[in-house]
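This report looks at side-chain contacts between charged groups and between aromatic rings. Please consult the sequence and the model shown here while reading.

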Amino acid sequence: MRLTAFSDIALRVLLLTGGAPEDERLTTRAIAEGVGAPYHHVTKTVGRLSGLGLLASSRGRTGGVSITAAGLDAGVGTLLRELEAGSAMVACEAPDGHCPLDHECRLRRALADAREAFYRALDDVRVRDLVSERQVGPVLLSIGMRPPGEPDSRLTAPAAPIP
C-alpha cells in the first residue's frame with residue numbers, strides 16, 4: 001500500500017509541529033522548508049489538519065501553527081482513514097474506473113480488507129509516540145527555530161548591569 005502525497009505531508013507536518021517547543025509557533029513557510037514539501041501543498045495540509053482540530057493556526061505578526069493536544073493524541077490509523085478516504089487503491093475503485101472483470105469482483109473486497117488491516121495495525125500508534133527530538137531538532141535548527149529542550153535565548157539572556 002502506498003500513501004497519497006497529501007497523507008505523507010500531513011504526517012510530516014504533525015511530526016515537525018509535535019517536536020517543536022510548546023511555546024513556539026511555526027510559520028507555514030518554515031514548515032514547508034522543514035518537511036521538504038511545496039509551500040502551497042503544506043498550506044492546504046495545514047488547513048485540513050486545522051479543520052480536523054489537530055493543529056491550531058492563527059494569522060498575523062505573532063501567528064503561526066502549533067499542534068494541539070488532539071493532534072498529539074491522534075491515532076495514526078484513524079488519521080490515515082480520514083486523509084486517505086476516497087483514494088482508490090486500484091483503478092476500478094475510482095468513481096470513473098471500469099474493469100471488464102467487474103461483475104462479482106472479489107479483488108476489491110480483498111484489497112479493502114487488507115487496507116483496513118493496515119489501518120488497524122496503526123490505530124494504537126499515536127502521533128506523540130512517533131515524535132523524536134533527535135529527529136526534529138536538526139530540522140528546527142535548519143529553519144531558524146530552537147530545538148526542544150533548548151532554552152530560549154530571549155528568556156535567558158544575561159541581565160544588563162545596573163549602574
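Which residues are linked in a network of salt bridges? The network joins R81, E116, R120 and D123, a salt bridge being a side-chain nitrogen of Lys or Arg within 4 Å of a carboxyl oxygen of Asp or Glu.

## Basis of the model

The model is predicted, so that local features need pLDDT of at least 70 and side-chain atom pairs count only at pLDDT 80 or more, while totals for chains, interfaces and linings use all residues. Residues are numbered from 1 along each chain as its sequence is written, and side-chain values use heavy atoms, with hydrogens and water left out.

## Salt bridges

The count comes to seven salt bridges. In one of them E116 meets R81 at 2.7 Å, N to O; because E116 lies in helix α6 (residues 107-122) and R81 in helix α5 (residues 76-84), this pair ties together parts that are 35 residues apart in sequence. Helices here are DSSP runs (H or I, at least four residues), numbered from the N terminus.

R12 and D8 form another salt bridge, with their closest N and O atoms 2.7 Å apart, and both residues lie in helix α1 (residues 5-19), four residues apart.

## Aromatic rings

The search of the whole structure finds one aromatic pair. F118 and Y119 form this pair, which is tilted, with 5.9 Å centre to centre and 55 degrees between the planes; rings of Phe, Tyr and Trp (its six-membered ring) pair if their centres lie within 6.5 Å, and planes under 30 degrees apart count as stacked, over 60 as edge-to-face and the rest as tilted.

Conventions. Helices (H or I, at least four residues) and strands (E, at least two) are DSSP runs, numbered from the N terminus.
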